[in-house]
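Hi everyone, thanks for coming.

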Amino acid sequence: MTTGKNHTPPKWADRFLEWYCTAQHIEEVQGDLYEAFFLRCNESGVAWARFLFIVDVFRSLSWRTVSQKAVTTNSIPMFRNYFIIGYRNLLRNKVFSLINISGLAIGLAACFFIVLYVRFEMSYDRFHTKSDRIFRVTNYRFQGSNSTKMATCNPGTGPAMKAEFPEVTDYARAVHQSLFMGGVAAWSHTDNEGSMKVFNEELLYDVDPSFLTVFDFPFVLGNPHDVLSDPKSVVVSETVAKKFFGKDNPLGKTMVLNGRRDFTVTGVFKDVPENSHIKFNILTSYFLKNGWDGFWNDDWDWKWSEFETYVVLDNSANAIELESKLSTLVEKYAGARLRGMNQREELHLQPLTDIHLRSPKLTNERQTHGSEQTINFLMIIAALILIIAWINYINLSTSKSIERAQEVGLRKVAGASRRQLVTQFLLESFAVNFLAIVLSFVIVIVTLPYFNQLLEKDILEGVQLNDIWFWLALIGVFVLGSFIAGLYPAFVLSSYRIMNVLKGKFFGTRSGIALRKTLVGFQFVITVILMAGTVVVFQQVSFMRNQDLGYSKEQLLIIQSPKVTDSTIHSKGLVFKTELLRNTTIHNVTKTNEIPGKAITQMNFLRRMDQDLEDNFLCNHFFMDLNFIDTYGVKLVAGRNFRQGEEFIWEESATHPVILNEKAIRMLGFQSTTEAINQRAYFGLGSKQEWIGEIVGITGDFHQQSLKNDYDPIIFFPALDSRFFGQYVTLKVSTEYPEETISFVEMEYKKLFPGNQFNYFFLDDHFNRQYAADQQFGKIFGLFSTLALVIAGLGLFGLSTFMISQRIKEIAVRKVLGATIPGMIVLFSKDFVKLVILASFIAGPIVYLVVDNWLKSFAFHVPIGWVMFVVPPIVLLVISLATIAVQTIKTGSVNPTKSLRLE
Amino acid sequence: MNYRLGNLEETVLLITMYMEEAYGVSVAEEYKRQTGAGISVPAIHTVLRRLEDKGLVKSKMGESSPERGGRRKRIYVPTAHGFNVINQIKSDRLHMWSKIPQMKLNKG
């Protein structure tokens, strides 16, 4: 038995036994268990003995052995007492508690929203089972000092990659209809009764059949493996199916594209979820299979970088390694040709899940992507708001603790240990935090629809609510928050000296006041930063919306050109134009193949006649009739507009009159417009190389795209009214009778182009849509900064209420001695004013750095001005002064005798 | 006379009859030695307390020892009533045994 003595049974189990066991049985039970333990140590080893000891401790639990003390131990009435006291305290200071809890709840709710949104943004494209193995192939093209980075690549890339590299298990290409249809595609369906429905569809892609197996877009009808195997087949989304066929079975129905091509519906897929980087309503496989009716020959395979290309790698493949091998592929298939043109191309692999948030700036993107920067900003805001809310809690509860000092003193006299007091206040903190979390859930649930509306997205779509990590994180934040926020007040409260407190000699420690001031100052810094951020975002957005674009975007009505056409289209177009101009509210009409508000997709090289190949740069192509410059009010800075009868002639030897914008002139290397006028330049167009253009006119720069982008170089080509319809018809209309004008235009359109959907929009709306994301960011930023301000304001209010209430007597005495209320306001607000000023100075540099960084992502932006440094501190100052003034006036207007008599 | 006892109770009661110091651990050890089946100390405690409730044993506090963590033993000794009950059980059994024909026993 002596050998076993070196070991001991597990302490906690032993303690537990001692805790629950009655005095009557403890001798027997504990003694026997000990004895058995030492016996077993010798017989079967310490570990086993320890284990059995624990088992035995629990087996010894019975009604007989468990003491009353353990069942109704003193701590239970004590806990009950804590809750009662806590509850009474909450009720006694209703305003105070409300501020405390609602401040926390608002902060938590704001945080939840941001977390939901961030998770939504990060959920993009993760619903595909192979999402971690799918890569998008991007194509970077270099020529001289110019580079173009494209989200798309040559049609030959995908097949070649699969053929050359065994680790590429599959590829899929997708090509947006704008490449083969231009603008929009009109789909029509005639039902059995002969009535025809026509809808324009922009989100149409032509894809390889493998597109549906590489990705996992769920199908409602049809098997994704073979629905697109027939080139005459088409698959549509549920919404499109409902639009065309109502409740009928869509399978086997015929849909006609632009009145010319018949397709059979073979499948229906669920609407593409919001969190997909590629969105489509209709898919065909016709054009990729048939090579545009034979128009596309092998010659194009490596010259036509317009195809979204996705590859799937096998499990063991290393993407970085593969990426490094891609240069050999380019060399093998296109090396010679590229060298001939003095060009160089690189292929890159971009993980599918990176596309939405981590894309570099690429051309040929069909969707605007989110930005990691925004996500990071929002996360920081969420953290800041939470910190503000917790600081409030800490501040309010420590300052209030003075009121509870007597309670603490009494508890201590009655024998409460410091640990018990800490437990009590931590418990209270948990309870308050719990109330806040419940309230914040209510806030989130109630306001989620508005939030979704603001974002124009359903953010719950990407969030799996059954995700355990989400809830664990939530609980973690809750526990951590309650603990951190509760710890300091708990220690402050429990550390009071009984004698001082009970004698009533208690005025809060100097270090406590300093800490509280630091915390408030910190809140101020955060608030100032957030407010300054809001100011800048709004300034930038309004700047972008109101900046002179180089043309007048107001009163421009745009109509999409008819898609279902025949040989009479051009003569009808001429009629259309003259008919429209007869209406007095329509001042001007122009037909173009591009309109401002989005990137021009057609482009080719341009260089001066006397320059070498490496001076080539890409220039946007813009076909227009004679009226474009007048209709849009674009400035003609030199030379002339095109003349009547001038037209782009498809003859290589001819010299073509062209108009360039100033940006193109600068990029050509001309010093001035006068130097450039009537000069010649080489330009590329279509599959033919080296056309000669003569610069007959120069337009001022105008914003083809949003102000995020720099001016684009543009080359204008003339088109004859009688032989050109373009993609868009733009009408300059007067401000009067807009509805009548539109219905007039629609009538004319329907009369001349039956079987086409009449689509119209105003240019300013169209253009401003580019700012939707920025406006949204501004709104979200503004919303959350306001929330932060509200929370900080609540805290300030609570704190000053308390501060003043501590100084009621002081105020009374001052008043008796002849102090005025304004004088007292100055006196009491001095500290806060100092804090605001200090906070502003700390916030200033941070604001400058962040704002400067953010504004750099815009080619045209507001200068960093004084407003963003001055307005937020002033707002904060006004709020804090107002709060203190209100409190002081309230307290100061009471008759001093009343407050002094209280003693 | 009510002497309905469970198998375990009967065995434990028997053990207290002849053991010098019958308490939790010693009874558990003896039980194991006699039946070959292990039993936990808390189980023995439960049985002993039940026997005490029925007045078949009585207990007194014994010596403490270091390996018991300084705790004293609770030593159980049978009461006269306990002795009578076990005796009654024994004679009842014997009576029943005597009824078994010899032949059957041999085959056993």
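Let me start with A:N678, which sits in the loop of chain A between α23 (673-676) and β20 (680-685). Helices here are DSSP runs of H or I with at least four residues, strands are runs of E with at least two, and both are numbered from the N terminus. This is a predicted model, where local features need pLDDT of at least 70, side-chain atom pairs count only at pLDDT 80 or more, and totals for chains, interfaces and linings use all residues. Residues are numbered from 1 along each chain as its sequence is written, chains are lettered from A and ligands numbered from 1 in the order in which they are written, and side-chain values use heavy atoms, leaving out hydrogens and water.

Most residues other than glycine have a negative phi. A:N678 is not a glycine, yet its phi is positive, about 70°. Its relative accessibility is 49%, so A:N678 counts as partly exposed (buried is under 20% relative accessible area, exposed over 50%, partly exposed in between, with a 1.4 Å probe and protein chains only).

Now A:D125, in the chain A loop between α6 (94-122) and β1 (134-143). Its phi is positive too, near 60°, but A:D125 is buried, at 0% relative accessible area.

Over to chain B: which residues of α2(B) and α3(B) make the contact? On α2(B) they are B:G24, B:V25, B:V27 and B:A28, and on α3(B) B:V41, B:I44, B:H45 and B:L48, where contact means heavy atoms within 4.5 Å.
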